[in-house]
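Student: I would like to learn how to read a structure that is new to me. Could we go through it feature by feature?

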Amino acid sequence: MFHIEDYDYVLPEELIAQAPAPERDGSRLLVLERSRKSLSDHHFFDLPWLLRSGDVLVVNNTRVVPARLYGLKNSGGQVELLVLEHSDEGSPRSNTRWCLLKASKRPKRGTRLFFDNNAEGVVKDLGEDGLVKVAFESDLPMDLLLEKKGVMPLPPYIKREKDDQRSGMDRERYQTEFSKRKG
């Protein structure tokens with residue numbers, strides 16, 4: 001299965017949860033038993049009874065950064081950025097980062113971008129498939145700006161408007177309990 005098309009499947013919209021389960025361990029869990037070639041539906045609170053000796057449990061310790069920023073180009077057109085590079089504790093804190101950019105028209109090098117908190121950016125380089133390198137200018141260090149003004153980068157099948165009131169809950173609930181490293 002090395003072709004992206006192999007992962008395509010039909011998932012009706014009405015089956016996609018638009019908010020997390022009220023309790024974390026109430027989230028749904030799909031269990032694949034290879035030896036029986038079977039699938040079964042469970043909840044995360046069932047996990048202790050599902051694990052057997054010799055099973056491997058992989059824990060994701062990546063902390064999701066609220067790395068989506070909404071802003072305007074100097075032409076007035078709206079932009080949405082997803083900042084892809086994040087500094088770990090103790091590493092150099094450059095304010096120039098590769099981002100995914102969504103806009104009605106792709107900006108050129110030198111285009112100025114304007115965000116909340118008097119933050120600005122200048123497009124320094126253009127990559128492929130929506131990638132842009134942006135040099136940010138702000139009174140706040142980039143990581144702090146993202147923590148204060150960034151929005152959680154939810155998957156595209158979870159629908160949120162720019163000022164959705166669930167965004168505050170998203171910052172907590174779409175974060176693993178084991179989060180340590182930014183990513």
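Tutor: We start with burial: a residue is called buried under 20% relative accessible area, exposed over 50%, and partly exposed in between, with a 1.4 Å probe and protein chains only. This is a predicted model, in which local features need pLDDT of at least 70 and side-chain atom pairs count only at pLDDT 80 or more, while totals for chains, interfaces and linings use all residues. Residues are numbered from 1 along each chain as its sequence is written, and side-chain values use heavy atoms, with hydrogens and water left out.

Student: Is Gln175 buried or exposed?

Tutor: Gln175 has a relative accessible area of 12%, so it is buried. Gln175 sits in the loop between α3 (167-173) and β10 (181-182), where helices (H or I, at least four residues) and strands (E, at least two) are DSSP runs numbered from the N terminus.

Student: Which residues does Gln175 touch, not counting those up to four places away in sequence?

Tutor: Contact means heavy atoms within 4.5 Å, and by that rule Gln175 touches Arg24, Thr62, Arg63, Val64 and Met152. A polar atom of the Gln175 side chain also lies 2.6 Å from the backbone nitrogen of Val64.

Student: Where is Arg160 found, and is it buried or exposed?

Tutor: Arg160 is in the loop between α2 and α3, and with a relative accessible area of 17% it is buried. A polar contact is a pair of N or O atoms within 3.5 Å; within protein, one must be able to donate a hydrogen and the other to accept it, and residues adjacent in sequence count only if both atoms are side-chain atoms.

Student: How should I read a nonpolar core?

Tutor: In soluble globular proteins, nonpolar side chains tend to be buried together. A nonpolar core is a set of buried Ala, Val, Leu, Ile, Met, Phe, Trp, Tyr and Cys residues joined through side-chain atoms within 4.5 Å.

Student: Which residues touch the most other members of the largest nonpolar core?

Tutor: Among its 20 residues, these are Leu81, Val83, Leu113, Phe115 and Phe136. The largest share of this core, four residues, comes from β5. Leaving aside neighbours within four places in sequence, the contacts of Val83 include Ala67, Leu69, Trp98 and Phe136.
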